[in-house]
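Here are a few friendly notes to read alongside the model. Take them one at a time, and keep the structure open as you go.

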Amino acid sequence: MHSREQTIFALSSGRPPSAIAIVRVSGSQARAVLAALAGKVPEPRSATRVQLRDLSGQPIDDAILLWFLGPGSATGEDIAEFHIHGGRAVLAALVAALSGFENVRPAEPGEFTRRAFENGKLDLTEAEALDDLIHADTERQRRQALRQLRGLLGDKARDWRARIIEASALIEAGIDFSDEGDIPAELIAPALTRIRSLREEIQEVLAGQGRSERLRDGLVVAIAGPPNVGKSTLANLLARREVAIVSPHAGTTRDVIEVQLDLDGYPVTVIDTAGIRETDDPVEQEGVRRARARAAEADLVLWVTDAEHEKVGSEENTPSADAPVWVVRNKIDLDAGSGGAARGPESGIGFRISAGRGDGVGELVGALAAFAQDYFGSGEGGLIGRERQRRLLQETVDALRRCVSVVGAGEELAAEELRAASQSLGRLLGRVDVEDILDVIFREFCVGK
């Protein structure tokens, strides 16, 4: 039997042990499973308390059941939800009982959502938004994913596609009536007006997105610099916990250490790297290589220095990165007569801090938050959340532009470009020729969703 015709089940709540565990069953066998394990099928959408028993009649748990009839369910199929106590033994007993039914099997990652997509309960942009919502770490990520899940981009794309089809109908009608004198011109002129208006509308969406899709991945800040200048201390201070080993000995950090931060609602990944210097130690050499590579890939580099390593300009101490580089002078508490100034323009120093004592760190964190806000711009309110979506919208705009440019050479060429634009929007929604990317998208989901 084809896997899509089988009934699937999975734990849809957090890992045990927990107070409550939720196991979902979706498919044509869901009713039979309920009747066998609960002794009855409860009223749809009504919580019912039952004693669950396995196929041999042995009790499993005192549980709450929910029953949803398809197609009015999340997946479009019959769904049963078992709300059981969240102990490992209870869950294992229920899973063993479910596995005993013919054509009932554990779900693969994202299979519940994929069935919802295939049954028309949501389009591909909404499925992607659901995955983003599950993996949202910050408030701004959550709000952006929720906007997407409400179908804002999908609704726009369906409207755009309908308008393309209307314009295409006008042009193809012009082709059909090409022997009727001035009729083609009367049909093609309004079609081109619609196409130009639609192209400008989609271009505005593309232009207004900026870095909205980067809100999914977050801002990457690399802490780099010479050895023993306090990079790991600063990383621990930003993380508000000990994520890196701090030692007075140079070369302690040998690998790249990453920590995820929620900075005023923006997702930020802070990377603590090995001290950059010339060394004969092969392990430290690899750490320096990785440090240089991550600094080059970062969105912002905090180049940490102190009084002994203040000079920036040598090959050893120059950060190689296309991103902005902020020079952070650390250990100001050890400078005689420094007065603890947090910021100073002299010698190219952007910030003056004491990572050990905390002086000036508040201003640095505030500057990071302001940088993040400027970097993400208005991405929170954007319609585009992924590079795939941006690429397909750009393909649509390009096809519409070609349509206008080739119409003078023949209405048939213009009609073909409109079909290409419609297909790009269809792929955006997941309704046209997307089988090759579905596995890639849905395997990113967690099991049970």
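**Notes on a sheet and a helix pair**

1. Strand S10 (residues 300-305) and strand S11 (residues 325-329) run parallel and are joined by five bridges. Strands (E, at least two residues) and helices (H or I, at least four) are DSSP runs, numbered from the N terminus. This is a predicted model, where local features need pLDDT of at least 70, side-chain atom pairs need 80 or more, and totals for chains, interfaces and linings use all residues. Residues are numbered from 1 along each chain as its sequence is written, and side-chain values use heavy atoms, without hydrogens and water.

2. Now the whole sheet: six strands form an open, mixed sheet in the order S8-S9-S7-S10-S11-S12. Two strands pair if DSSP finds at least two bridges between them. At the edges, S8 (257-263) and S12 (351-352) each pair on one side only.

3. Which residues of H4 and H5 meet? Glu126, Ala129, Leu130, Asp132 and Leu133 in H4 meet Arg142, Ala145, Leu146, Gln148 and Leu149 in H5 (contact means heavy atoms within 4.5 Å).

4. How do these helices pack? H4 (residues 124-134) and H5 (residues 139-149) pack at about 155°, with axes 8 Å apart; axes are lines fitted to C-alpha atoms over the stretch in contact, and angles run from 0 to 180 degrees between N-to-C directions. That makes H4 roughly antiparallel to H5 (an angle over 145 degrees).

How values were computed:
Angles under 35 degrees count as roughly parallel, over 145 as roughly antiparallel, 65 to 115 as roughly perpendicular and the rest as oblique.
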